[in-house]
Amino acid sequence: MQDNPLFSLAGRRALVTGASRGIGLTLARGLGQFGAKIVLNGRNSEPLATARDMLAGEGLDVTTAAFDVTDQDAVIAGVENIEYEQGPIDILINNAGIQRRAPLDQFSRADWDALISTNLNAVFFVGQAVARHMLPRGRGKIVNICSVQSELARPGIAPYTATKGAVKNLTKGMATDWARHGLQINGLAPGYFKTEMNEKLVADQVFTQWLCQRTPAGRWGNVEELVGAAVFLSSDASSFVNGHVIMVDGGITASV
Ligand code: NDP
């Protein structure tokens, strides 16, 4: 069989935000296994160092860049630091995100602001900071992590749903502005996965029963099942794909 470099990420540098654990860490590992040099981002140096050491122990090329993605000045400085100290960022996985749950009539202003800040503002801040370096080079891949909640509402998480719907449309907007300059910007929308963000849902048998009935695949997703779509959207295999969102959700948004 001949080697086909279509999905190879060899020599490409990928910045993954929110990569100290969960989906971000899994996507970082997956991109690394396809040859990418990985830069792990998160707010806290300690869990990042642990994640870096784990991936390095698996033979991957990995560094860390700790900054808060909600702080635009820190984002600009952090991205410049990677570009000048390590080299060009070829791939951005805009993954950092948070969840807050409460009935909408009781939802606090502080939680609303936190969601908008992390799930929406930060996607713009990091996307813009990275794109400013990619645009003069005429190439680059941005993958914004959307959600099944970009398409569907669930009780108690309306503000989260609003942010993820907005990220889907921001993805289309980024593609509309930047595709003609050689960038590909797409979204990846996970369904339901057993990460720290979903700890309470995982422990809730009623929710799991609902999820398994409602999802055509009949189960929770495994985080490793997100890697294929992320590699596709980060590689030359997706060179004419722009402004789209791949749902990796066991079919939940495809059925009523
Ligand atoms: P986790 O809570 O497990 O991980 C979130 C990551 O984001 C952590 O590494 C955290 O690190 C980082 N983070 C949070 N805030 C910031 C910040 N301000 N600056 C930098 N890093 C930050 O979440 P998941 O892995 O489950 O979720 C990842 C993404 O996937 C999110 O965007 C989420 O909305 C989305 N998603 C998840 C689904 C799921 O089923 N789990 C379903 C659909 C979408 P630290 O706190 O150390 O900074």
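Predicted model: local features only at pLDDT ≥ 70, side-chain atom pairs only at ≥ 80, totals over all residues.
User: In which sense do S5 and S6 pair, and over how many bridges?

Analyst: Strand S5, residues 140-145, pairs with S6 in the parallel sense, over six bridges.

User: Now a helix. What span does H1 reach, and what is expected?

Analyst: For a helix, you compare its reach with the span expected at 1.5 Å a residue. H1 runs over residues 22-33 and has 12 residues. From its first C-alpha to its last it reaches 17 Å, close to the expected 16 Å. Just after H1 comes Gly35, which takes a positive phi of about 110 degrees.

User: Is H1 largely enclosed or left open, and why?

Analyst: H1 is largely enclosed by the rest of the structure, because 10 of its 12 residues are buried. Among them are Ile23, Leu25, Leu27 and Leu31, and also Arg29.

User: Which element gives the most to the shell around the ligand?

Analyst: H1 again: with three residues, it gives the most. H1 and strand S2 (37-42) each supply at least two residues of that shell. Of the 31 residues around the ligand, Gly18, Gly22, Arg43, Gly97 and Thr195 come nearest.

User: How do the residues of the shell divide into nonpolar, polar and charged?

Analyst: There are 12 nonpolar, 15 polar and four charged residues in the shell. Keep in mind that Gly counts as polar in this scheme.

User: Let me try single residues. Is Glu224 buried or exposed?

Analyst: Glu224 counts as exposed, because it has 12 C-beta neighbours inside 10 Å and the cut-off for exposed is 12 or fewer. You will find Glu224 in the loop between helix H7 (205-214) and helix H8 (227-234).

User: And how far apart are Pro5 and Ala237, in sequence and in space?

Analyst: Pro5 and Ala237 are 232 residues apart in sequence and 8.9 Å apart in space, C-alpha to C-alpha. Pro5 lies in the segment before strand S1 (13-16), and with 11 C-beta neighbours inside 10 Å it counts as exposed. For another pair, take Ala162 in helix H5: Ala162 and Ser239 are 77 residues apart in sequence and 29 Å apart in space, C-alpha to C-alpha.

User: What radius of gyration does the protein have, and what would a compact globule have?

Analyst: For 256 residues, a compact globule would have a radius of gyration near 18 Å; the protein has 18 Å, which agrees. Its C-alpha atoms fill a box of roughly 50 × 45 × 40 Å along the principal axes. The protein has eight helices and seven strands, and 43% of its residues are buried.

Terms used: Residues numbered from 1 in each chain as written. Helix = DSSP H or I, 4+ residues; strand = E, 2+ residues; numbered from the N terminus. Rg over C-alpha atoms; globule rule 2.2 N^0.38 Å. Buried ≥ 20, exposed ≤ 12 C-beta atoms within 10 Å, placed from the backbone. Expected span 1.5 Å × (residues − 1). Near = placed C-beta within 6 Å. Pairing = 2+ DSSP bridges.
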